[in-house]
Amino acid sequence: MMIYIASPYTSPDPSVMEDRYQKVRCFTAEGLRVGLVLFSPIVHCHPLAAAHNLPKDFAFWQTYSLAMIDLAKMVLVLQLPGHETSRGVQDEIQYCKEKNIPLWYWSVPTGAQYDFQDLCQRFWTIYMSTQERKDALDK
């Protein structure tokens, strides 16, 4: 089962885009570590866009992103700062609602210093225990 990770990316500030990329990359890596099949358009396309001078806005990537959502069993919205105003995230959420694709949300803490990798590990541990329980009930 593939999980699509929706997260904000585009910003007029390149350092914000890089920070968002680093966070979703960490989140994706920790999910892969526990054996999940994940797709993040930011993780997969940020290096490609940078190396080949491709546009970084959702309008360019929309067809690609929505096609990947169609292959996913669910979409997890990584609620980094800016997710509520991100055209890409909001369009992905709307698309999921129209197609009845399940949505999960994870609200990422802001402000105080925290170990983002540790938070990601904790999230995926909770997700896996919930999924294992669900799978056991479905048998």
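This is a predicted model: local features need pLDDT of at least 70, side-chain atom pairs count only at pLDDT 80 or more; totals for chains, interfaces and linings use all residues.
Local features need pLDDT of at least 70 and side-chain atom pairs count only at pLDDT 80 or more, while totals for chains, interfaces and linings use all residues. Residues are numbered from 1 along each chain as its sequence is written, and side-chain values use heavy atoms, with hydrogens and water left out.

**Overall make-up**

- The secondary structure comprises 5 helices and 4 strands, where helices (H or I, at least four residues) and strands (E, at least two) are DSSP runs numbered from the N terminus.
- Along the sequence, the pattern is β-α-β-α-α-β-α-β-α.
- Of the 139 residues, 45% count as buried (under 20% relative accessible area, with exposed meaning over 50% and partly exposed in between; 1.4 Å probe, protein chains only).
- Among contacts (heavy atoms within 4.5 Å) with a separation of 6 or more, 71% are between residues 24 or more positions apart.

- Strand β1 (residues 2-6) is mostly covered, as 5 of its 5 residues are buried.
- In a regular strand, side chains alternate between the two faces of the sheet.
- Met 2, Tyr 4 and Ala 6 lie on one side of β1 and Ile 3 and Ile 5 on the other, and all are buried.
- Strand β2 (residues 37-39) runs parallel to β1 and is joined to it by 3 bridges; Phe 39 in β2 is the bridge partner of Tyr 4.
- Strand β3 (residues 74-79) pairs with β1 in the parallel sense over 4 bridges, and Met 74 in β3 stands opposite Ile 3.

**Packing of α2 and α3**

- Helix α2 (residues 41-52) packs against helix α3 (residues 58-71) at an angle of about 140°, their axes being 12 Å apart.
- That angle makes α2 oblique to α3 (under 35 degrees is roughly parallel, over 145 roughly antiparallel, 65 to 115 roughly perpendicular and the rest oblique); axes are lines fitted to C-alpha atoms, for helices over the stretch in contact, and angles run from 0 to 180 degrees between N-to-C directions.
- Pro 41, Cys 45, Leu 48 and Ala 49 of α2 make the contact with Trp 61, Tyr 64 and Ser 65 of α3.

Methods:
Two strands pair if DSSP finds at least two bridges between them.
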